[in-house]
Amino acid sequence: MNQDEVDGLVPRWREAGLAPSLIASLELSKRMSRVNGLFEQAVKTELAELGLTYAEFDVLAALARTGPPHRLKPSELARALFLTSGGTSNVLQRLAAAGYVEREDDKGDARSRWVQLTAEGLRVAHLALEGSSRAHTEAMAGVPESTLRHAADALRELTLALGRRVR
């Protein structure tokens, strides 16, 4: 069996007397973090060519996915992207300055505003989504589809179980 960086940590965890179930959990969390980091690195390389950060890409992609008129409230964006309201506000300011989004008052609720993609924002969002797809495809080249499907399904089960416990 091939070994990765995490396998190098396991002997130390065993020597420390950690339970096998805890070691498996640590291996899982370390590998998930590593896989996420590798995906992000690949996507960030594509996004850099467009002058976007990962957070800006996330916002553009979320708005593009909503369909016409490609708009959401900032609170909806924050929830969908697991961002804080302050973090969302900073990203939206940068995207507005770049001409990718515009804000407008919600005529039905004076306390609320909409964030909407501009035509240029939609164009850049599509380019960024293409780059992200390319990065994911290249990163997973050579990994059998059945392996990807199994991993995705197993992680769904873990996410659901962890989500119930953390709430």
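Biologist: I'm new here, so where do we start, and what follows helix 3?

Modeller: Helix 3 is followed by Gly67, and the phi of Gly67 is positive, near 80°. Keep in mind that this is a predicted model.

Biologist: How do you know that the length of helix 3 agrees with its number of residues?

Modeller: Helix 3 has twelve residues, and at 1.5 Å a residue they should span 16 Å. The C-alpha atoms at its ends are 16 Å apart, so the two values agree.

Biologist: Which residues in helix 3 are buried?

Modeller: Quite a list: Glu56, Phe57, Val59, Leu60, Ala61, Ala62, Leu63 and Ala64.

Biologist: Is Arg94 buried, partly exposed or exposed?

Modeller: Arg94 has a relative accessible area of 40%.

Biologist: How are two packed helices described?

Modeller: By the angle between their axes and the distance between the axes. For helix 3 and helix 5, the angle is about 80° and the axes are 10 Å apart.

Biologist: Why is helix 3 called roughly perpendicular to helix 5?

Modeller: Angles of 65 to 115 degrees count as roughly perpendicular. The angle here is about 80°, and that makes helix 3 roughly perpendicular to helix 5.

Biologist: Which residues meet there?

Modeller: From helix 3 come Ala55, Glu56, Val59 and Leu60, and they meet Val91, Leu92, Arg94 and Leu95 in helix 5. By class, that contact has six nonpolar, no polar and two charged residues.

Biologist: How many salt bridges does the structure hold?

Modeller: Eleven. Among the residues involved, Asp4, Asp7, Glu27 and Arg31 are linked in a network of salt bridges.

Biologist: How do you know that Arg149 and Asp153 are separated by about one helical turn?

Modeller: They are four residues apart in helix 7 (residues 145-166), so about one turn lies between them. An α-helix has 3.6 residues a turn, so residues three or four places apart point the same way. The side chains of Arg149 and Asp153 meet in a salt bridge at 3.0 Å, N to O. Asp153 also meets Arg156 in a salt bridge, at 3.1 Å, N to O, and those two are three residues apart in helix 7.

Biologist: Last one. Why is Lys73 called buried?

Modeller: Its relative accessible area is 18%. The limit for buried is under 20%, so Lys73 is buried. Lys73 is found in the loop between strand 1 (71-72) and helix 4 (74-81).

Definitions and conventions
Residues numbered from 1 in each chain as written. Predicted model: local features only at pLDDT ≥ 70, side-chain atom pairs only at ≥ 80, totals over all residues. Heavy atoms only, no water. Salt bridge = Lys/Arg side-chain N within 4 Å of Asp/Glu carboxyl O. Buried < 20%, exposed > 50% of the residue type's maximum accessible area, 1.4 Å probe, protein only. Axes fitted to C-alpha atoms, helices over the stretch in contact; angles between N-to-C directions. Parallel < 35°, antiparallel > 145°, perpendicular 65-115°, else oblique. Contact = heavy atoms within 4.5 Å. Nonpolar A, V, L, I, M, F, W, Y, C, P; charged D, E, K, R; others polar. Expected span 1.5 Å × (residues − 1).
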